Amino acid sequence: MKIHNEICPHCKKLNTNLNLEETDGTYECIGCGKIIRVEGIKSRGSWIPIYTPEELVQKLGKTPSFAEVMAKQ
């Protein structure tokens with residue numbers, strides 16, 4: 001399952017944590033309530049790695065600051 005974040009083309013509200021594969025690319029905007037259809041959902045999306053604090057220390061060699069973590073993305 002891929003989770004998507006989409007910006008509403010009508011009100012520009014960010015809609016987060018959408019499972020668009022389950023709904024065939026359709027969602028209801030949390031800002032304006034309009035039904036939005038996202039085309040080409042099967043070929044879209046990107047994976048964001050999630051690390052535990054221990055994995056971050058292992059990857060960076062020390063306990064990183066928040067700014068260091070964000071700069072590496």
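Mentor: Accessible areas come from the Shrake-Rupley method with a 1.4 Å probe, and for residues only the protein chains shown count as cover. On that basis the protein chain exposes about 5800 Å², with carbon and sulfur atoms supplying 55% of it. The model is predicted: local features need pLDDT of at least 70, side-chain atom pairs count only at pLDDT 80 or more, and totals for chains, interfaces and linings use all residues. Residues are numbered from 1 along each chain as its sequence is written, and side-chain values use heavy atoms, with hydrogens and water left out.

Along the sequence the pattern is β-β-β-β-α-α, counting helices (H or I, at least four residues) and strands (E, at least two) as DSSP runs numbered from the N terminus. Of the 73 residues, 21% are buried, meaning under 20% relative accessible area, where exposed is over 50% and partly exposed lies in between (1.4 Å probe, protein chains only).

Now the core. A nonpolar core is a set of buried Ala, Val, Leu, Ile, Met, Phe, Trp, Tyr and Cys residues joined through side-chain atoms within 4.5 Å. The largest one here has eight residues: Cys8, Leu18, Leu20, Tyr27, Cys29, Ile36, Val38 and Ile41. Take Leu20 from that set. Contact means heavy atoms within 4.5 Å; leaving aside neighbours within four places in sequence, Leu20 is in contact with His4, Glu6, Gly25, Thr26, Tyr27, Val38 and Ile41.
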